[in-house]
Amino acid sequence: MTDLSHIRNFSIVAHIDHGKSTLADRLIQSTNTVADRDMKAQLLDSMDIERERGITIKANTVRIDYKADNGEDYVLNLIDTPGHVDFAYEVSRSMRAVEGSLLVVDSTQGVEAQTLANVYQAIDADHEIVPVLNKIDLPAAECDRVAEQIEDVIGIDASGAIQVSAKTGIGIKDTLEAIVNLLPAPQGDRDAPLKAMLVDSWYDSYLGVIVLVRVIDGVMKKNDRVKFMSNGTIHGIDKIGVFRPQMQDVDELGPGEIGFITASIKQVRDTRVGDTITSERKGTGVALDGFKPAQPVVFCGLFPVDSSEFEDLRDAIEKLALNDASFSHEMETSAALGFGFRCGFLGLLHLEVIRDRIEREYDIDLITTAPSVIYHVYMRDGEMIELHNPADMPDMTHVDHLEEPRIKATILVPDEYLGDVLKLCQDRRGVQQDLTYAGSRAMVVYDLPLNEVVFDFYDRLKSVTKGYASFDYQMTGYQQDNLVKMSVLVNDEPVDALSMMVHRDRAEMRGRAMVEKLKDLIPRHMFKIPIQAAIGGKVIARETLSALRKDVTAKCYGGDATRKRKLLDKQKAGKKKMRQFGKVDIPQEAFISALKMDS
Ligand SMILES: Nc1nc2c(ncn2[C@@H]2O[C@H](COP(=O)(O)OP(=O)(O)OP(=O)(O)O)[C@@H](O)[C@H]2O)c(=O)[nH]1
């Protein structure tokens with residue numbers, strides 16, 4: 001047991017790439033938490049895909065022992081938090097488990113949109129915040145300017161900001177001292193009934209569900225029987241320990257401590273993040289303020305290219321869902337695509353990560369349908385339907401009106417690209433709310449419809465600003481608008497996977513762009529193919545793909561049978577990545593490409 005006054009619990013908040021993981025690595029290494037030979041870069045980013053993309057997805061934790069300059073031994077618990085906007089919710093819950101934050105800002109870049117989003121979460125959680133200016137080894141470092149910017153934009157004192165190079169190790173000792181001297185110790189009562197916060201949980205194939213806990217009051221020990229207050233379930237603790245960062249068993253976890261338990265829990269779904277854990281007998285009567293569960297906001301269909309792989313896809317999705325309670329799925333049948341799943345994600349990055357993992361780890365080629373948000377459809381009889389899939393849109397004659405989700409988007413961008421950013425937001429039906437300057441950078445706040453953002457907004461933003469803009473958003477609520485369902489017909493057959501909800505005023509433009517794209521993406525066939533976009537029964541755009549007599553063997557006059565065979569095989573292989581709709585083959589990439597809008 002560590003005395004409360006010698007514990008410091010903290011997280012690191014930063015914009016992507018400002019060096020959070022590198023700093024965490026350095027703190028771990030300089031305190032000999034991990035032997036040098038076991039040290040690998042970005043130790044806390046354990047998933048392969050995280051390492052590859054350089055983004056932190058799951059929050060991770062490490063306990064560090066540190067002997068401070070005052071001669072005393074401290075226990076420092078670091079909870080690593082993800083930096084990307086899709087995972088803002090994970091940031092918020094891990095923040096509640098600690099008392100302070102290191103605010104890492106790249107001294108060559110300055111404050112970015114996610115710096116703001118994350119630091120506001122830290123402020124919300126009443127954290128003591130220590131600013132850290134990183135990458136001071138680089139010639140482009142501008143510590144004074146960035147410190148000033150932190151004061152201007154965030155409004156916290158940055159005069160004592162620690163200057164660090166997580167890469168070379170400069171300032172690491174100062175950082176450890178600041179954690180001990182500036183961050184508050186946790187508070188708690190060892191003799192009170194057990195009260196612990198369920199911070200996170202994930203599935204481990206050997207141990208089952210592992211639960212990350214922060215003890216507030218009381219003590220947890222192996223074999224204790226504990227109760228999860230949200231659903232009243234009772235579990236016996238099989239294993240209790242801390243992360244260093246590998247698991248290490250301990251006898252108990254007391255107030256202020258962060259560690260893990262396992263308790264023969266089968267599914268991540270049985271553990272609610274933010275839940276209060278107490279003892280079965282003489283437990284606390286007062287639960288912690290529960291957090292809301294993460295709600296998926298972006299939905300799309302995932303279908304196997306090869307329909308015989310449906311069962312494999314089911315297996316893959318169920319395995320992934322075991323470990324990710326924020327990812328939802330249900331079976332879906334599409335006239336065009338056959339059996340698949342309608343899946344819900346926290347955002348586009350989350351969608352991409354899951355899709356990549358299915359394709360890569362389970363080796364299943366997927367067709368991903370257009371991402372969609374949840375619309376509220378108000379029927380004439382007063383009923384409200386949540387629409388997750390444009391294909392399920394009820395007949396318009398029964399519909400009174402529709403509402404769509406809106407977001408507040410914050411974009412930070414260098415001055416010279418401001419015009420392009422404003423145009424992009426305007427094109428996406430945005431309403432400007434605020435425009436301020438911090439040095440040579442503008443901060444724009446827009447109210448935007450989420451459905452205009454889920455598809456390719458982020459890509460467009462990056463391309464018009466050459467990668468210099470940063471972006472963050474939060475949902476604000478629902479608003480009525482003039483929305484309609486646009487269907488796509490290929491050779492007079494509706495392709496439900498391509499149908500989408502659009503604003504009435506933009507339907508014609510979107511429809512035209514869509515049919516033109518499809519005309520390029522669908523290979524010519526032996527017959528003429530009309531491609532149409534329609535609203536209700538009314539065609540709003542049309543293209544025709546002319547017929548082609550494609551005899552690939554025509555060139556091989558005479559008897560070269562092997563060459564003929566080869567060409568036919570090649571043609572067959574090309575077909576494999578396509579799906580048949582009526583008589584027409586549509587290539588897999590058409591489903592995504594047709595929806596990308598070039599302004
Ligand atoms: N020159 C220099 N480069 C650094 C320093 N700290 C980090 N970097 C580099 O900056 C890049 C981003 O660092 P990460 O630690 O991955 O950034 P992060 O904030 O953890 O990023 P996410 O995990 O994606 O949120 C890497 O290429 C690091 O090597 C530093 O002090 N100096």
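The side chains of D106 and T108 are joined by a polar contact of 2.7 Å (a pair of N or O atoms within 3.5 Å, where within protein one must be able to donate a hydrogen and the other to accept it, and residues adjacent in sequence count only if both atoms are side-chain atoms). This is a predicted model, so local features need pLDDT of at least 70, side-chain atom pairs count only at pLDDT 80 or more, and totals for chains, interfaces and linings use all residues. Residues are numbered from 1 along each chain as its sequence is written, and side-chain values use heavy atoms, with hydrogens and water left out.

**Around D106**
- You'll find D106 in strand β4 (residues 100–106); strands here are DSSP runs of E with at least two residues, and helices are runs of H or I with at least four, numbered from the N terminus.
- D106 counts as buried because its relative accessible area is 3% (buried is under 20%, exposed over 50%, partly exposed in between, using a 1.4 Å probe and protein chains only).
- Skipping residues up to four places away in sequence, D106 touches D17, H18, N134, K135 and V146; contact means heavy atoms within 4.5 Å.
- D106 and V164 sit 58 residues apart in sequence, and 9.6 Å apart in space from C-alpha to C-alpha.

- H18 lies in the loop between β1 (7–14) and α1 (20–30), and it is buried, at 2% relative accessibility.
- K135 belongs to the loop between β5 (128–134) and α5 (143–154), and it is partly exposed, with a relative accessible area of 23%.
- Among the contacts of K135 are D17, H18 and D106, and its side chain makes a polar contact of 3.2 Å with the side chain of D106.

**Over at Q532**
- Q532 is part of strand β30 (residues 529–535) and is buried, at 10% relative accessible area.
- Leaving aside neighbours within four places in sequence, the contacts of Q532 include S487, V515 and R542.

**An enclosed space**
- The second largest cavity is lined by 13 residues, and R342, T369, N389, D496 and A497 are the ones nearest its centre.
- By class, that lining has six nonpolar, four polar and three charged residues (Ala, Val, Leu, Ile, Met, Phe, Trp, Tyr, Cys and Pro count as nonpolar, Asp, Glu, Lys and Arg as charged, and the others, Gly among them, as polar).
- A cavity is a set of points on a 1 Å grid over the protein atoms alone where a 1.4 Å probe fits but cannot get out, and lining residues have an atom within 4 Å of a point.

Technical notes: On a 1 Å grid over the protein atoms alone, a cavity is a set of points where a 1.4 Å probe fits but cannot get out, and a pocket is an open set with protein on both sides within 12 Å along at least five of seven lines; lining residues have an atom within 4 Å of a point.
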